[in-house]
Amino acid sequence: MNEAVARGDQRSRDRERLPMIDPPRRIGLAFALIQIFVAGLASPGLACACCTNQGQRNVATVTLDSGKRQEVESLRFASKATLFTGEGDVEGIEGIAAPAGTYTLTAKWLEDRLMLSFRDAAGRTGTLSLARPRTVSVFEVDPRDRPDKGLGPTLYKEWKLSAPAAGSGVFQPGVAPRQILTLILQGGGNSCTSSSDFTHWTLVMQGPKANYTLFGDLVTVK
């Protein structure tokens, strides 16, 4: 009996010697731990792979690998294409028989070639086709005019695919040796590019016989 009482007294004395943390101090300690955790997440070593940084710039010509090819081939073109004329008139455009200001457009991939089919209001038709190149020119930069929503600024993006020009119908007059057709995909996003980043397209014909530009929208699926 005496031994039990002695052990109880000893436990009481031990509890008296233990430091007690009052509720306000507990709250402060918890808040400090949360701050340390958040700071760790924000450190460069733990930054997310798709985040961007102010002043970021990526300009390169890279292999059109299977991942990039899949993104390009999944793009959907809106049904309207516009011929760029600037301050001039459509009659001044060389390389197109009876050029028109706008066209109805359909686009599809046939094996390794993108076929773009155009029809004007008068029913005149023509095609321009772009063979799938081995490389793609990448231009992804921070324009420094877009807000940072917590994961870095939104990059402006262009992917360019170029190949010798091929065409038919109203575009046949501009198809010749040394004519290059370039498809430019335009949009914006983070460091992980996907087809949904691209919202517009531009198609540029360049060479000694024809120089003109068509442009339009992409149907984006977020």
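Student: Which residue in β8 does Leu128 stand opposite?
Tutor: Leu128 stands opposite Gly167. Keep in mind that this is a predicted model.

Student: How do β5 and β8 pair, parallel or antiparallel?
Tutor: Antiparallel, over 4 bridges, with β8 covering residues 166–169. β5 also pairs with strand β4, residues 113–119, in the antiparallel sense over 7 bridges.

Student: And how many residues sit between β4 and β5 in the hairpin?
Tutor: There are 5 residues between the two strands, and Gly123 in the turn has a positive phi of about 90 degrees.

Student: OK, Ser129 now. Which strand is that in?
Tutor: Ser129 is in strand β5, residues 125–131. Its bridge partner is Met115.

Student: Is Ser129 buried or exposed?
Tutor: Its relative accessibility is 7%, and buried means under 20%, so Ser129 counts as buried. As for the strand, 5 of the 7 residues of β5 are buried.

Student: What does the Ser129 side chain have a polar contact with?
Tutor: With the side chain of Arg113, at 3.2 Å. Leaving aside neighbours within four places in sequence, Ser129 is in contact with Arg113, Leu114, Met115, Pro164, Ala166 and Leu181.

Student: Switching topic. Which residues touch the most other members of the largest nonpolar core?
Tutor: Phe118, Leu128, Leu185, Trp201, Leu203, Tyr212 and Leu214, out of 36 residues in that core. Strand β10, residues 198–206, gives the largest share, 4 residues.

Student: What is Leu203 in contact with, beyond its neighbours within four places in sequence?
Tutor: The contacts of Leu203 include Leu116, Phe118, Leu128, Tyr212 and Leu214. Leu181, Thr182, Leu183 and Thr213 are also among them.

Student: Last topic, the rings. How many aromatic pairs are there?
Tutor: The count comes to 7. One of the pairs is Tyr103 and Phe118, with ring centres 5.8 Å apart.

Student: Why is the pair of Tyr103 and Phe118 edge-to-face?
Tutor: Planes over 60 degrees apart count as edge-to-face, and the planes of Tyr103 and Phe118 are at 80 degrees, so this pair falls in that class.

Student: Where in the chain are those two?
Tutor: Tyr103 is in strand β3, residues 102–110, and Phe118 is in strand β4, 15 residues apart, so the pair links distant parts of the chain. Both Tyr103 and Phe118 are buried.

Student: Which residues do the ring pairs link into a cluster?
Tutor: Tyr103, Phe118, Phe171 and Tyr212.

Methods. Residues numbered from 1 in each chain as written. Predicted model: local features only at pLDDT ≥ 70, side-chain atom pairs only at ≥ 80, totals over all residues. Heavy atoms only, no water. Core = buried A, V, L, I, M, F, W, Y, C linked by side-chain atoms within 4.5 Å. Buried < 20%, exposed > 50% of the residue type's maximum accessible area, 1.4 Å probe, protein only. Contact = heavy atoms within 4.5 Å. Polar contact = N/O pair within 3.5 Å; in protein donor to acceptor, adjacent residues only side chain to side chain. Pairing = 2+ DSSP bridges. Phe/Tyr/Trp six-rings, centres within 6.5 Å; stacked < 30°, edge-to-face > 60°.
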